[in-house]
Amino acid sequence: MSAALRTTTPPTEAVAGHRLPLRRFARNRLAVAGLAVVVLFLLFCFVGPLLHSTDQTHTDLTQVNLAPNGSHWLGTDAVGHDELGRLMYGGKVSLLVGLAAGILATVIGTLWGAIAGYAGGWIDAVMMRVVDAGIAIPALFILLVVSAITTPDTLGLIVILGLVSWLVPSRLIRAETLTLKNRDYVLTLRAIGGTHGRAIARHILPNSVSTIVVAATFQVADAILLVAYVSYLGLGVQPPSTDWGGMLSAGLTAAYSGRWWLIVPPGLAIILVVCAFNAIGDGLRDAFDIKGRG
Amino acid sequence: MNILEIENLDVTFTTETGDVPAVREASLYVRPGETLALVGESGSGKSTVALAALGLLSGNARATGRVEIGGVDVVGANEADLSRLRGRTASMVFQEPATALDPLTRIGAQIAEVIRNHRPLSAKEAASEAVTLLRRVGIPDPEQRASAFPFQLSGGQRQRVVIAMAIANSPGLLIADEPTTALDVTVQAEILDLLRALAADSGTGVLLVTHNMGVVADFADRVAVMLQGEIVETGPVEEVLLRPSHEYTRRLLSAVPRLTVAEPGDVPAAAPEVPTDAAVVELRDISVHFGRGRRTVRALQDVSLTVAPGETVGLVGESGSGKSTAARVALGLVPPTSGSVALFGTDLGRARGRARRALLAGVGVVLQDPVASLDARMSVGECVAEPLRVHRRGMPAAERRARVAEVLERVRLPRELAGRGPRELSGGQRQRVSLARALVLEPRLLVADEPTSALDVSVQQTVLEVITELQDELGFACLFVSHDLAVVQQFAQRVVVMHAGQIEEQGPTETTLLHPGTDYTRRLIAAVPVPDPVLQRRRRAERRAALAVGGTGATA
Amino acid sequence: MDTFLYLTRRILQALAVILIVTVVVFCLLHALPGGPARGILGPQATAEQIAAFNHEQRLDQALPVQYVHYLGTLLHGDLGTSYTLNESVSTLIEQRLPKTLVLTVLSAFVGLLLAIPLGMWQAVRRNKPADYVITTLGFVAYATPVYFLGLILVLVFTQLLPWFPSQAPQGETLGQVLSQPNALVLPVVAGAASMVAVFSRYMRAATLENLSEDYVRTARAGGSRQGAILRRHVFRNSLTPVVAMLGYYVPVLFGGALVVEQLFNYPGMGLLFWSAAQSSDYPVLLGCVLVISVATVVGTLLADIAQRLVDPRVKAGRA
C-alpha cells in the first residue's frame, strides 16, 4: 500500500506511559484477586508449617478419620495425619512442581518456537510438524503410559511434565517471532549488516518478553492442574509424601462415606490456585495488549 | 435550510491517562448541493467532527453543542433515531476500503442490507437495486460482481462499493472521511470524479474530510481549516487556497509539495549528461518472483537501474509497481530470482560474511513507518548507536555517545533526546532519529523507502530539508522511493517510473516529469491534483479529454 | 486445482505428523523395561521364548531396520495382541473406539453449543457484572480436575437428586450404548465443562475483536442496528478463528474422555487404556496411543477442511 499510514482515529491515550501495563493490571479486579490468592497460598504452604507444625511422616492410629474439631481444624485422614498440616505439606509439592514444570515447559517452548520462527523455511516446517505430532498425543495418555513403565521421583516428574507441555508455548512464541522478525527495526538492522544473533538477542527476545511471561503464567496454571491428575494416574509422589492431587484422589472413596474434609480442602485449593494463575495470566495479557492464547 | 449545521461542537475523549479535548467550539455548515472540505493535519480533529455528525463516536467520547442534519438533532438523539438517519438522510464513506466491508458477505448483499434498513423492499427487489447501484458507481459487469466477496475486488472497487452503499437511499448529505487517502493516485482521480458526478446528479451536499490540498482544489466549493481542534479559517475554495488569511493556512499551503506542470508551449530542455563514475548501486536485469507455478507473483521483471555517487534517484510508482521490492533488492533483503545487484562496485549476491557486512556498512536505511522503525525498548541514543555497535565494535562508549550526540544535532534534534524513549517522540522526530541512525556511519548511500509518507505535510517538509542539507554536507547518494510525484520532483535529480514490476521510463527529473515519454507516466502525472483550484480545473478537463480519447474506462 | 494442491499439501503434512508419532511410539516400545520382547510377550515369558521372539522379530538388527519392519506391521493393521485379554489389539480398539467417538463428539457438540452463544453474550456485556460472573465460572470449570467434577456431578445428580444413573450406558454395541441417553448426560457434561470454559473465552475474544473492526462501523453508518450487525456480520467472522482452534482441542477432548470413561465405567477406548495401564499391557497401551493420535490428526485435518469450506478467503488461497 503506497498511501499514508496517517491515522484519523480518535486518540486512545493522552500520554504514552511506561507504567501503563502496571496500571491496567491493577485495574483488573480478577487479576489482582488472583495475585492475592497466589501470595496467600505461598505463605500458607511455606510459612504455615512454621506456625502450625504437625507430623506428616508418622502415623497416629489413635487419631484416625476424625471430623474437623478443636485440635484438628480440618480433621484427620485415614492414618491419623492432621489434614490442615497435610494441606500445607501437599501444597508445597503441588506448587513447587507446578511452577518448575511450567517454567521448564515455557523455556523449552520458547527456544523451540523462536528457532523455528526465525529460521523459517524447511527447518520451521519440520520443527512444527514435530510440535503437531506432540500435540496430537493427548498428555494424559502419555502420562498414563509412563506410569505403567516407571514411577519417577520429584525431579523426574518435573521433567516429564515439562516435556509434555512445551508444545503450546512453542507455537505462541513462534508466532510472535514471525511477527517481530518482519518489523522495520529488524529489517533495518539486517540491511546494514547486523547479524542474526544480534537481531534475536537485542530485538526479538526483549520484545517477546511480555508474550513469554503471559505464556509462562498460563503454563504454570496448566502444570499445577496436570500435577493434580498425576496421582490419579498413578504417577504421583510416594507416601508419606503427598500433594494436593494425591490427597484428592486418595480421598475420593472417602467422599461416599461422608468424610468431606478429606476432599473439599485439596479440591478447593487446586481450583483456587489454578483459577488464580489463569486470572493473573489473563490480566497480564490484557495489560500488555497481546492477542490470543494459542 | 442547510443540510448540515454544526454549532459550537466540543468533543472530549476520556482515556486511561486523562481527558483529551479533540474538538473545541467548531462551527460549520453545508448547503444542499455544495461540497465543504474540512482540512487539517493529523490530530486536528477533522475526522472526529465527521464521526460526530453521524453520532459514530466511540464510547469514550463526550460531545456537546448543536449538530443538525436536515434539521434533525444528532447530539441528543438516541441510537434508534440515529440509525433511522444513517444511510438515509446522511451517509458516510470511510478511509480504508480494505477493511470497510464484511469479508464473509457478498457485496450485493451488503448493499441490499443498507437499502432494506430504510425501505420496505423485498430481498429480490433490493438485490436488483444493488446491481443498479453497482452499475452507477462504475463496477463493470455488475450482475456477476454482486455475488463477489470483498477480497475479490481491488481497493478502488471496494471503495466504489462503499460509495454505492452510501448513496443507496439518496441521502441529502454525504460525509467522506479521507475517501481516497488509501488509494493510488490514478484510482483517486477516478473516485473523485465519481463522487463529484454523483453529488452533482442528486444535489447531495458533501462534507469532505482530507489532509490533501490537491483533493480540496479538485473537489470542494468551500474550505474549513482545522488546527488542534479548532476551525481557524473558512471560505470559498479559491479564496482560502490562493489568498489564505490565517497564518496556519499559509504555512500549511507553503509546506505542500507542488507538482510543477508543463505549461503548453514549453520546450523540453536538453538532457544533462549522465555521470559515468562507478555507480553506487547497480541493479542489472533484476527479476524477483514469489511463489511457484500458477500463483507466481512477478514482483520485478528485468529491472535495471543505477545510482551514481552523490545523486538522488527517485523511484516512483503506484502500489504493486515493485518500487519497494526494488529498494529491498538493493539492500540485500530480498534475493533476486535472476539478475545481479552491485553495491559500490561489488556483487552483493556473491559477497559473504565479513565482506558482505563491510559492504552494507556503507548503506543507511530509513523506512516508512515511524512507529515500527525504532525499537521502543531501546532509548533514542541506543537506536542511533546501533550501527556503531555492529560495525565499530571497538569504539569506546564515550566516543560513541559523542558521535550520537553529533548526528542528532545534524538532524536538528537536541542531543538530550538521546536519553528518551521513542514513545515520547512525534512521528517527525522519530523519522529524524531513523535518519540519524542511517547516517551515523557516514554512509555513501541512503536508501529511503517512503520516509515521509506517514507524516503530516508540515513535518514532511522539515525532514526533507534535513535530508537535502545533509546530502549537501556529506555527499551521499540517495535512492528515494515514493508514490508522491511532487516530493520526488522537488528532491531527486533522476527519476525512475515503475509500473507492474517493470520500469516504464527513467531519466532526469526535469524532463521526465514535465515531458513524460510514456502514456502511463502522462496519466500518472495528470492524475495528481494540485492545490490551485483554477489550475486544477483545467488539468481535470484535459485529463478527462485524454481518457475519453484513450478509452480507459473505470477499472480500478 | 488450488483446492487439490491445498488438500495434497495438508494430507502430506498430516502423514508426516503420523509418521513422527509412530517414531515416538516406537521409541516408547524400546524404552520399556526388559525391552520390547518382554513388553510384547509379557512378564511371564521364558528366556527361550524371548530369544526366539527376538530373532523372529529381528530385534538383533539395527534400530532403523526394526523401525521399517515395525511400520510394515502397522500398515498390515497388526497392532499386536493383548496379553491380559488375549485378543488382537486392533479388534479391541475396533470395538471400543466408536463408543469413545460418540462420547467425544457429543461432548464437543454440547460444549460448542453452549460456549459460542455464551462467549458472544459476554462480549456484548463486556466488563459488566454478568461478564465477570461467567468469566469466573469459566475459570472454575477449567480449574476443576475432571475426576473431581465428575465426583461432584455424581454426588449431586445421582445421590442428592436422583436424576441420572451413576454409571454410563454399558454394552458391547453402539446401539446398546445409545439406547440409554440419560445415562450419557453426566459423562458428556463432565467432558464438556472444560471445553465450554475455553471456547467461550475464545468466542468472547474473537467477538470483541470483530466488534471493533471497520466493517461494523460501515454497517452502523448504513443504519444497521447492533443486534442485526451481531447476527449478520460479527457472528460469522468470530466463528472462523474459533473453529480453527477446534483442531487443537481434539487431543484434550480425548484426554478428558480417558478420565470420564474410567469414572463412569463407560466401555470405550479410554477405559480399555486405563485397565491396560493398571496391568502394564503394553501392546494395548501403545496401540491405543497410536490410534488416538491418528484420530487426532485426522480430526484436525477435518476441522481445517471444514474451515476452508466455510471461509471463502481460505478457499481462494488467501486468508
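Predicted model: local features only at pLDDT ≥ 70, side-chain atom pairs only at ≥ 80, totals over all residues.
E5(B) touches Y29(B) and E68(B), leaving aside residues up to four places away in sequence. Find E5(B) in strand β1 of chain B, which covers residues 4-15. Is E5(B) buried, exposed or partly exposed? There are 18 other C-beta atoms within 10 Å of E5(B). A residue needs 20 or more such atoms to count as buried and 12 or fewer to count as exposed, so E5(B) is partly exposed.

## The six-stranded sheet of chain B

Next, look for the open sheet of six strands in chain B, whose order is β6-β7-β8-β3-β9-β10. The pairing in this sheet is mixed. As background, strands of a sheet pair through backbone hydrogen bonds, either parallel or antiparallel. Which strands stand at the edges? They are β6 (90-93) and β10 (230-236) of chain B. Each has a single partner strand, so one side of each is left without a neighbour in the sheet. On average, and with direction ignored, neighbouring strands of this sheet are turned by 15 degrees against each other.

To see one pair in detail, take β7 (residues 173-177) and β8 (residues 205-210) of chain B. These two strands run parallel and are joined by five bridges. Within the pair, L174(B) stands opposite V206(B) of β8(B).

## Helices across the sheet, and a hairpin

Two helices to look for here are α1 and α6 of chain B. Helix α1 (residues 46-53) lies across β3 (35-39), β7, β8 and β9 (222-227) of chain B. The angle between α1 and β8(B) is about 145 degrees. Helix α6 (residues 155-167) of chain B lies across β6 and β7, and runs at about 175 degrees to β6(B).

Further along chain B, seven bridges join β11 (residues 281-290) to β12 (residues 297-307), and these strands run antiparallel. I286(B) faces V303(B), its opposite residue in β12(B). Together β11(B) and β12(B) form a hairpin, with six residues between the two strands. In the turn, G291(B) has a positive phi of about 85 degrees.

## Chain A, built from helices

Now turn to chain A. How many helices and strands does chain A have? There are twelve helices and zero strands. Along its principal axes, the C-alpha trace of chain A spans about 80 × 50 × 30 Å. Of the 294 residues in chain A, 51% are buried. Among contacts in chain A with a separation of 6 or more, 73% link residues 24 or more positions apart.

## Two helix pairs in chain A

One pair to find is α2 (residues 29-46) and α4 (residues 83-119) of chain A, which pack at an angle of about 120 degrees with their axes 8 Å apart. The two helices are therefore oblique to each other. α2(A) passes α4(A) in a left-handed crossing. On the α2(A) side, the contact is made by F41(A), L42(A), F44(A), C45(A) and F46(A), while α4(A) brings M88(A), G91(A), K92(A) and L95(A). Sorted by class, this contact has seven nonpolar residues, one polar and one charged.

Another pair is α10 (residues 196-232) and α12 (residues 264-288) of chain A, with an angle of about 165 degrees and axes 9 Å apart. That angle makes α10(A) roughly antiparallel to α12(A). Here too the crossing of α10(A) past α12(A) is left-handed. Residues of α10(A) that meet α12(A) include V213(A), F218(A) and L225(A), and those they meet in α12(A) include V274(A), F277(A) and R285(A). This contact divides into 15 nonpolar, four polar and one charged residues.

## Where chain C meets chain A

Finally, look at the boundary between two chains: 39 residues of chain C are in contact with 31 residues of chain A. Several helices of chain C each supply at least two residues to this side, among them α1 (2-31), α11 (226-264) and α13 (282-310). Which helix gives the most? It is α1(C), with eight residues. By class, the side of chain C that touches chain A has 31 nonpolar, eight polar and no charged residues.

Notes. Residues numbered from 1 in each chain as written. Chains lettered and ligands numbered in written order. Axes fitted to C-alpha atoms, helices over the stretch in contact; angles between N-to-C directions. Helix = DSSP H or I, 4+ residues; strand = E, 2+ residues; numbered from the N terminus. Parallel < 35°, antiparallel > 145°, perpendicular 65-115°, else oblique. Left-handed = near helix turned anticlockwise from the far one by under 90°. Contact = placed C-beta atoms within 7 Å. Nonpolar A, V, L, I, M, F, W, Y, C, P; charged D, E, K, R; others polar. Pairing = 2+ DSSP bridges.
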